[in-house]
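Work through the exercises below with the sequence and the model open side by side. Each task is followed by a solution that goes step by step.

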Amino acid sequence: MMDDFLPIAYFQNQFVPFPEAKLSIATHALHYGTGAFGGLRGILDPQNSNQVLLFRLERHCQRLSQSARYLYYDLPAEKIQKVIIEFVQRNRPQTSFYIRPFVYTSDLGIAPRLHNIETDFFVYGMMFGDYLSPDGVSCRISSWYRQEDRSFPLRGKISGAYITSALAKTEAVKSGFDEAILMNTQGKVCEASGMNIFIVRNGQLITPGFDQDILEGITRDSVITLARDLGIPLVERAVDRSELLIADEAFLCGTAAKVVPIQRVESYELPQQRPLTELLRSKLAAITENREPAYQSWVNVVPLS
């Protein structure tokens with residue numbers, strides 16, 4: 001619904017009303033997926049309604065700047081951050097929201113290329129609650145496989161890659177599940193349609209490493225840092241499908257999803273007691289609300305007046 005979108009967008013180097021931010025049907029990125037995007041959440045400060053809290057803004061801007069380099073576009077992280085802060089101040093959101101910055105080949109044309117082509121950057125946002133049920137989700141193992149880094153720059157959030165996520169998500173939902181889990185081409189557990197995955201076995205937190213063709217998730221990095229700070233044994237390694245089915249706990253994490261427990265994988269019910277999942281979820285929630293002094297560097301405070 002149009003009412004869900006924040007009223008002001010950043011488009012073609014200026015702030016404009018959201019309905020006026022429009023692209024031609026001949027836009028190059030629309031045809032070839034030659035874009036890169038980010039996504040971050042913002043909330044009203046529970047302690048001060050005149051300011052907004054953004055979670056790990058610098059890291060999100062850094063990742064988008066790096067993703068833009070795959071498109072041969074020089075977009076400094078500092079510029080992205082400056083635009084996003086002004087974007088928030090102009091929109092003055094009064095509820096939880098989501099920001100989508102996007103880099104794309106903005107030329108009109110049909111030749112698939114990244115040279116001799118214009119590239120641009122826009123930002124819009126929307127009011128945003130829970131992406132998935134906080135009570136937990138059911139997952140199916142997708143028939144689609146995650147791309148390989150040797151054929152796709154998986155360190156970036158390249159828009160064209162998400163056709164696989166879309167196919168996997170729809171396959172899961174149409175077959176009665178909430179979410180999909182993709183394997184990599186080596187047959188190991190990789191990630192969900194737009195989230196990283198963790199399992200717990202025998203008190204140890206386990207997650208696929210970067211060598212498993214995963215996205216370098218910022219929420220994933222936050223969970224890993226928290227686990228280490230809390231003294232939770234953690235290992236990054238390949239995860240077998242059979243391990244996932246008998247895990248003591250399993251959860252998905254991402255900017256949109258936050259931390260969401262997995263209740264069931266295929267026909268296998270996972271335990272209802274999830275002490276490590278709940279500990280990490282509650283700790284992360286406290287940090288995003290700026291209630292954890294040790295992690296204040298992860299929270300950007302944006303004054304609205």
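A residue counts as buried when its relative accessible area is under 20%, as exposed when that area is over 50%, and as partly exposed in between. The model is a predicted one.

**Exercise 1. Cysteines**

Task: Determine how many disulfides the structure has, and state whether Cys253 is buried or exposed.

Solution. Begin with the criterion, which asks for a pair of cysteine sulfur atoms within 2.5 Å. For Cys61, the closest cysteine sulfur belongs to Cys253 and lies 20 Å away, so the distance is too far for a bond. Next take Cys253, whose nearest cysteine sulfur is that of Cys139, 13 Å away, and which is in no disulfide. The count for the structure comes to zero disulfides. Turning to accessibility, Cys253 has a relative accessibility of 1% and therefore counts as buried; Cys61, at 1%, likewise counts as buried.

**Exercise 2. Aromatic rings and a charge**

Task: Classify the geometry of the ring pair Tyr295 and Trp298, and find which charged end sits over the ring of Trp298.

Solution. A search of the whole structure finds 15 aromatic pairs. In the pair formed by Tyr295 and Trp298, the ring centres are 5.1 Å apart and the planes meet at 50°, so the pair is tilted. That class follows because planes under 30 degrees apart would count as stacked and those over 60 as edge-to-face. Both partners can then be checked for burial: Tyr295 has 10% relative accessibility and counts as buried, and Trp298, at 11%, counts as buried too. Finally, the charged end of Arg56 is placed over the ring of Trp298, at 4.5 Å from the ring centre. Elsewhere in the list of aromatic residues, one cluster is formed by Phe5, Phe11, Phe18, Phe102, Tyr104, Phe122 and Tyr124.

Definitions and conventions:
Residues are numbered from 1 along each chain as its sequence is written. This is a predicted model: local features need pLDDT of at least 70, side-chain atom pairs count only at pLDDT 80 or more; totals for chains, interfaces and linings use all residues. Side-chain values use heavy atoms; hydrogens and water are left out. Buried means under 20% relative accessible area, exposed over 50%, partly exposed in between (1.4 Å probe, protein chains only). Rings of Phe, Tyr and Trp (its six-membered ring) pair if their centres lie within 6.5 Å; planes under 30 degrees apart count as stacked, over 60 as edge-to-face and the rest as tilted. A charge sits over a ring if NZ of Lys or CZ of Arg is within 6 Å of the ring centre and within 35 degrees of the ring normal.
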